[in-house]
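Student: I am new to this structure. Can you show me how to read it, one feature at a time?

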Amino acid sequence: MKAETPWETRTDFAVVRRSTVWEILTSEKYFKWTLLIPLLVVLAIFMLYPLLYCAYYSFHQWGMRGEAIYVGAQNYRQLLNDKAFLEALYRTLKVLVICVSCELLIGLGLALLWSRNFPGENVVRGLALFPLLVAPLILSLLWNFMFEYDFGAVNLVLQALGLNKVYWWSPERALYTICFITIWQWFPFATFVLVAGLRSLPKDVFEAARVDGASPWYTFRRLTLPMLSPLIMIIVVLRTMWLIRLFDPLYGTTRGGVQTELLDWIVYRTAFVYFDIGYGSTMAIFSLVLTIAVCAVMFKILMKALGGAH
Amino acid sequence: MELIERGEGEMNGVGNVFFWIITFFVLFVIVAPLAWIYLTAFKAPNDIFATEAKKLIFFQPTTENFHRLFREFPFWDNFLNTVIISVSSTVVVLVIASLAAYSFARWNTGKGHLLFNTISTRMFPGVVAAIPFFVMYRNLGLLDTRFGLTLLHIYFNVSFATFLLYGFFKEIPEELEQAAMIDGYSRADIFRRVVLPLVRPGIAVTAVFCLVWSWNEFLFSFLFTRMAARPVTVLISSFWGSIEVQYGPMAAGAAIAILPTLLVSWFMQRYIIRGLTFGAVKG
C-alpha cells in the first residue's frame, strides 16, 4: 500500500495542474479569448504571413531562384505605368458593374414572380438552385463548349432557328460572354435571397396600401423596394467580394486571352507563369489594398443591412 | 399587375399563362446546359462534333466516355482526393468557426474589428496567399499533398463559416445561458450542452456550404497539386488542353463530379436558402 502512495500523489498533482490551466482558459474573463485561439492561429498563419511576405517582396526583384535584390519602390512605379495591369483593373470593374446590375435586375424580376405560393414551387426552387452549387470551373468549361463556333449547342440552335452563327469568343465579345456565364450561374442567388425577403414582408402594410388605392407601381417603389433594401445591399456586397476575384471562369474559357484578362489572372500569370515573385507580390498587394478599401466600406453597409433585417 | 404586389392574390388567366411561360423559360435556360453535360457524356465522338442541331438530342448513346475516363485517367483516385479533402477540411473548419463565432456573438470580442478581419480574409485575393504559400510549401515538401491542400481549404472556408455561424449564435437568448449558470454549469459546459445543440441547424447549413465550396474549389487545387493529391476539378480542367480537347471524358467526369452537389441542392434547398441570407430571413 505504502509503495503506491507516491504514484497516486503524482496522478493527483497532474490532474490538479491540468484542471488549473483548464480553469483559467474557461474562466469568465478569458473564455471568450480561449474560443478564439484556433481562429487567430489560422488567421495569423494564412493572413498575416502572406501579407508580410508579399509586402516584403514587393520591394524586391526575385524570380524564385538566387538572391532577392532590393529595388525600392520601382515595382510600384512600374505597376502604375503597366498598361496590361491597368486594363485588367478596368475590365474587372466593368465585369463587376455589369454582373451585379444584371443579377439584381433578373433576380428582382423573378423574385416578384416567384414570391407567391404556387404549385410545384419546390421543384422550381430545387432546379433553379442548381447553377449556384455546381463548380464554377466545370460550368465555364461547359459554356465554353456550348459557345464553340462550329459544333457548340448555342450556335447550332441559332442556325436551326435560321439565324446567323455568332463567334462568341471574339476579342469584342469574349468579356461579355464571360459576364453571361457568371450571371447565369449567380442570378439564382439574388432571386432566392429576394424571394425570402418578399415572403417575410409584413402583410398588413400592403393591405393598407391597397385599401388606400395606391397603384401597384407606387406600392412597389415606396414600400417593397425600401423594405428590401437591406437584402439588396447584402447581395451587392457579397457579389462584389466574389466578383473582384473572378478566376475560374477564365481558366475554363479564354485563359486570359482575347482581351479578357482580369485582376486575379494577371497576378497569377506574373507570379506563377513568369515566376516574377517580386512584381507579382506588388500586384497582389495593390489588388489587396483595393479590395480591402472597397470591402471595408461594403462591410459597414452590410452590417447595417443585417442589423436592419434582424 | 398583381405580380408587382405581394403575389398572394388570385392570378387571372392571362397572368397565369404569363407566369408559367416565364417560369418554364427560366427553368429551361437553367436546366438545358446541365442536361447537355449528361447528354454529351453518353455521346460518341462523331456525335459530339456533329454540326446538325438534331444530333444535340437524337443520337446513339454509348458508355465509351465513361470507360475511357476510368481506364485512361485516375478519375476515382482524384475523386477520392476531393472527398477526403473536403470532408476533413469541413470538420476542422466547423470546430474552429463554431468556437470563434460563439465568442463573437456572445461577447462581441474585439469589438467588431476582429470579426471584420475574419471576414476580410475571404476577400483576400486567393493569389495573394498563393504566392507565399507556394514558396513555403515547396520548401516544406507540402506541394501536391492532401494535407497541404486541406490546410488551404481550411483557411479559405473558415472566415465565411465563422460569419455564417455568427448569425445563428446571435439568435440564442442570453437568458438561457444565465439560467444554466445558476444551475452550476461552467462556461465550457454551457457551450457544449446548451448552446451547441441549439445551433445544430446552423452547423448543418454551414457544413453544407463548406463541403460544397471545398468540393468546387479550383484556384488552390490547381496551383498546389500535380498528380498525387489532385482533386477532380483539376483533372476535368486538364481535359481542356492546349493541344487537344477531350470533350467526351470531360463531360463524363463532369457528370459524375457535379452529381453530389446537384443532389445537395435538391434535397437541402431550404437549408441553402437559409444560409444564403445569413439567417437574416427565415426562408
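Tutor: The C-alpha trace of chain B spans about 75 × 70 × 30 Å along its principal axes.

Student: What should I know about the source?

Tutor: This is a predicted model: local features need pLDDT of at least 70, side-chain atom pairs count only at pLDDT 80 or more, and totals for chains, interfaces and linings use all residues. Residues are numbered from 1 along each chain as its sequence is written, while chains are lettered from A and ligands numbered from 1 in the order in which they are written.

Student: How many helices and strands does chain B have?

Tutor: Helices (H or I, at least four residues) and strands (E, at least two) are DSSP runs, numbered from the N terminus. Chain B has 15 helices and 0 strands.

Student: Which domains does the assignment give for chain B?

Tutor: Domain bounds come from an automatic or database domain assignment. Here they are domain 1 (2-66) and domain 2 (73-276) of chain B. Their C-alpha centres lie 32 Å apart.

Student: How many residues of chain A are in contact with chain B?

Tutor: Two residues are in contact if their C-beta atoms, placed from the backbone, lie within 7 Å. By that test, 87 residues of chain A meet 83 residues of chain B. Helix α2 (residues 31-57) of chain A gives the most to chain A's side, with 15 residues.
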